[in-house]
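Morning, everyone. Please bring up the model on your screens, and we'll walk through it.

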Amino acid sequence: MQLRARHIARNVLFNWFGTIANMAVGFFLSPFILHRLGNVAYGVWVLAISVVGYLSLLDLGMQGSVLRFVSQGHTKQDHQGASEAVSAALWVRLQISALAVLLSAGLAVVFPHLFKISPELAGDARTSILVIGATTAITMSMGVVGGVVAALNRYDLQNYASLVQSTVRVAGIVVVLRSGHGIVAIAVCELIAVLISKLFQIWIARRLYPELRIQLKRPKRETLRKIWSYSSYTFLITIAVQLVYQTDNIVVGAFVSTSAVTFYAIAGSLCRYASQVVSSMDSTFMPAASTYESSGNVEGLLTLYRNGTRAMIMVSLPMMITMIVRGSSFIGLWMGPEYSHSSGIILIILSIALFFSYANRTAGAIAFGIEKHKAVALWAVGEGVANLILSVILAHWYGIYGVAIGTMIPSLFVHLVLWPRYISKLVGVGSSEVIWGVWGPMIVASIPFALASYAVGAFLPARSLAIFFLQVVGTLPVFFLSVAVVFRTFIQRQILPKVRTFLFAESS
């Protein structure tokens, strides 16, 4: 158990390394792209990515099935079963990738008419969508073999590949924008970066799992049935994720204005960065849960839920509090004062919903890992549909703020009402213990940090990003000290003995 916990922690640390690198790229690159392109062109770029993002629905949830069956097959030494699963997924995805290219061509034709793109940008918008569609096709097809790396819990190597992709992407975008090019050149840079990264992942997968044999032929009907029985509900969740996270920009572009997409996308990008940090943790929990379940380790699942959820909240709460309390000021320093007010309000609304979704991310990873995600899929679809309907209705009344409120309300219902009851079926923890025993202490521990953040922002407003980050780092000890006080018994009984054992073993 101790070795397994160390392995999970190691994966999380490597994921954080990759996430921090990607966040740094996005943090410095986003304002550079925005100010080079301008509000309208940047809004068109965001809309193009959002529209083509729907092509990822064609994945049909197969990425999750690759993770599940490769992890399970490798654990049980069933290399034939793992090979058949990967081969079947690749066989299906190659055909889907061809369909994605065709659909992107159709989207390119209608895109300028859907969002009233100006004639001078219409041609670039069409070409960009074609290139983004090709990038999506490459990600789908070649990503199957790359998913083997994650299934084997080698997140260190997966993050190295991600770092290669980020490096190529940043270098290319900076060069083309400084040369006076626009969104088409950015799309080409994205395509090249993805292609290089996927080829690197394929090479890694072959080295890690030489027993894996991939055959490009029609798979057995039993294999397809097994994959679809798992991935069908994952597919529903993918649809819901698209409705929740991609539709907002489209609703803003269709019912408010193209330039308003920029204001909404700024807040959305900060939420996306926070989600990347959280995802770098919960992505390691799914194969871990699958391994525990395959070996019959029920106690391991329970421990994974409790410690994983507390760790998830401990990581996400400082980010959410900072975004709610000081997000407006940060946006002003980051993107410019003209974006501070509107994007800041949107950020507050979205952050409230995000926190409770993060609190349930460990449970969600466990549900996927042990194939108990049917209910999760149905909730996710309901949330996505409700989000779309409410966002469209409220956009007429409150503009971009209404779109954010339409996203928040369904999310709060799902994560505050439905999830706590379902967790007991997963790991045997009652809903009252979830709220008061797992969530509650962490939330209480965050109150001093929230007060300190508000006081610093009110009495010592930052004049630069460097000062802002120093202030955040300076107030973080308040949060960790509060956590140490609230969990002092657990630390004394569980953490300190393991630290002493580790140090003693190292010295001997």
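Is L476 buried, partly exposed or exposed? L476 is partly exposed, because its relative accessible area is 23%. The classes run like this: buried is under 20% relative accessible area, exposed is over 50%, and partly exposed lies in between, with a 1.4 Å probe and protein chains only.

Ground rules next. This is a predicted model, where local features need pLDDT of at least 70, side-chain atom pairs count only at pLDDT 80 or more, and totals for chains, interfaces and linings use all residues. Residues are numbered from 1 along each chain as its sequence is written, and side-chain values use heavy atoms, with hydrogens and water left out.

Back to L476. L476 sits in helix α16; helices are DSSP runs of H or I, at least four residues, numbered from the N terminus. Leaving aside neighbours within four places in sequence, L476 is in contact (heavy atoms within 4.5 Å) with P318 and F449. F449 is 27 residues away in sequence, yet 7.0 Å away in space, C-alpha to C-alpha.

Now the helix itself. α16 covers residues 465–486, 22 residues, and should span 32 Å at 1.5 Å a residue; its end C-alpha atoms are 32 Å apart, so the two agree. The expected span is 1.5 Å times one less than the number of residues. Its buried residues are F468, Q471, V472, T475, F479, S482 and V483. Their cover includes α10 (298–334) and α15 (431–459).

On to the cores. A nonpolar core is a set of buried Ala, Val, Leu, Ile, Met, Phe, Trp, Tyr and Cys residues joined through side-chain atoms within 4.5 Å. The largest has 122 residues, and F111, Y305, W419 and V427 touch the most other members. Helix α9 (residues 258–294) gives the largest share of this core, 19 residues. Take V427: not counting residues up to four places away in sequence, V427 touches L301, L302, Y305 and I366. A second, separate core has 15 residues, including A82, V86, V144 and L212.

One more buried site. T136 lies in helix α5 (residues 119–151). T136 is buried, because its relative accessible area is 15%. What does T136 touch, not counting residues up to four places away in sequence? The partners are V52, L55 and S56.

That's the tour. Questions, please.

How values were computed
Helices (H or I, at least four residues) and strands (E, at least two) are DSSP runs, numbered from the N terminus.
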